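This report is meant for someone meeting the structure for the first time.

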Amino acid sequence: MSKVILVTGAGRGLGTDIAREALAVGHQVVATGRRPEEVEKTLGGPQDNLLVTKLDVTSLEDAEAAAQAAVDRFGRIDVLVNNAGNFFAGYFEEITPAQMRRQIETNLFGPMNVTRAVLPILRKQRAGHIITLSSSAGLIGQEFCVAYAASKFGVEGWMESLRYDVEPYNIHTTVVEPGFFRTELLVDGSTIWPEPTIDDYAERTTATVAAWKSMNGRQTGDPAKLARALLTIAGQDKPLQRFVAGADAIEGVTAKAQELLAQAEASRELGGNLGYNDTAA
């Protein structure tokens, strides 16, 4: 069944793959990005089932305009894919407060802006699906990822709780935790690399930046396959609420779940006996 799918960050990486795959199987696609002319060129030019519109996810006004344009063109929105994001790499002390705020603004408040603009449409329809790209770094803290992980951990809590807000209106939610995919996240346009500013971190920063840059384009995950998997989930009557994508992510999340259980058990003696006690002195 054909759906109207709005994709953020459709000008590069996974967003482009999602839009292409959706068009190929007959969906109507609203492909958004900060530079719509580049988005349209990347997707092969004008098409009957394609609407390209400007959207900087940090702008609620852009989000509202894109949602309205989608309804004006196709009459509805069935699936929102919050894909746009970026990556401020580095150790905490070398990430400025302004950079940290920009990371949160794009990766957390960005999808919130777009969802806030689209939700009234989905509620009116009494149907819809919100898919938001998180990361395995949204569940597992990693070295050199404090800003990115903070933003994605926020996405996890927001999406997990949003589910309860919108379920009564037949609106589904799915949060996606990919591992390493060839999505262009590590290219200079998407990643902001740190400059060594503190001697204690300089050697590690230089080595880590070099290692991560060398990884770009060689990640094991295939973004086209991930795009097809997301469209499969979008077509499910009862879609997955959480989709861990990639063998590396599944292994990491499984280990994290086991670690959390072990930490909870280790906390039982000290932490499980902290309630109000009528017999306490």
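This is a predicted model: local features need pLDDT of at least 70, side-chain atom pairs count only at pLDDT 80 or more; totals for chains, interfaces and linings use all residues.

## Helix 1 and helix 7

The crossing in which helix 1 passes helix 7 is right-handed.

On the side of helix 1, the contact is made by Leu 14, Asp 17, Ile 18, Glu 21 and Ala 22, while helix 7 contributes Pro 223, Ala 224, Leu 226, Ala 227, Arg 228, Leu 230 and Leu 231. Sorted by class, the residues of this contact are nine nonpolar and three charged, with no polar ones.

## Helix 4 and helix 5

Helix 4 and helix 5 pack with their axes 8 Å apart and at an angle of about 20 degrees, which means that helix 4 runs roughly parallel to helix 5. Here, too, a right-handed crossing is found where helix 4 passes helix 5.

The residues of helix 4 that meet helix 5 include Met 100, Ile 104, Leu 108, Pro 111 and Leu 119, and among their counterparts in helix 5 are Tyr 148, Lys 152, Val 155, Trp 158 and Val 166. The contact of helix 4 with helix 5 is made up of 13 nonpolar, five polar and one charged residue.

## The nonpolar cores

The largest nonpolar core contains 31 residues, and those with the most contacts inside it are Ile 77, Val 114 and Ile 130. Two or more residues each come from strand 1 (4-7), helix 3 (60-74), helix 4 (97-125), helix 5 (146-166) and strand 7 (171-178), with helix 4 giving the most, nine residues.

Beyond its neighbours within four places in sequence, Ile 77 is in contact with Val 4, Leu 6, Ala 67, Ala 70, Val 71, Val 118, Ile 121, Leu 122 and Gln 125. Another core, of 28 residues, lies apart from the largest one, and includes Ile 5, Leu 43, Val 79 and Ala 227.

## Thr 132 in strand 6

Thr 132 belongs to strand 6, which spans residues 128-133. With a relative accessible area of 1%, Thr 132 is buried. Leaving out residues up to four places away in sequence, Thr 132 touches Asn 82, Pro 111, Val 155, Trp 158, Met 159, Thr 174, Val 175 and Val 176. Of these, Pro 111 in helix 4 and Val 155 and Trp 158 in helix 5 also take part in the meeting of those two helices.

Methods: Residues are numbered from 1 along each chain as its sequence is written. Side-chain values use heavy atoms; hydrogens and water are left out. A nonpolar core is a set of buried Ala, Val, Leu, Ile, Met, Phe, Trp, Tyr and Cys residues joined through side-chain atoms within 4.5 Å. Buried means under 20% relative accessible area, exposed over 50%, partly exposed in between (1.4 Å probe, protein chains only). Helices (H or I, at least four residues) and strands (E, at least two) are DSSP runs, numbered from the N terminus. Contact means heavy atoms within 4.5 Å. Axes are lines fitted to C-alpha atoms, for helices over the stretch in contact, and angles run from 0 to 180 degrees between N-to-C directions. Angles under 35 degrees count as roughly parallel, over 145 as roughly antiparallel, 65 to 115 as roughly perpendicular and the rest as oblique. A crossing is left-handed if the near helix is turned anticlockwise from the far one by less than a right angle, and right-handed if clockwise. Ala, Val, Leu, Ile, Met, Phe, Trp, Tyr, Cys and Pro count as nonpolar, Asp, Glu, Lys and Arg as charged, and the others, Gly among them, as polar.
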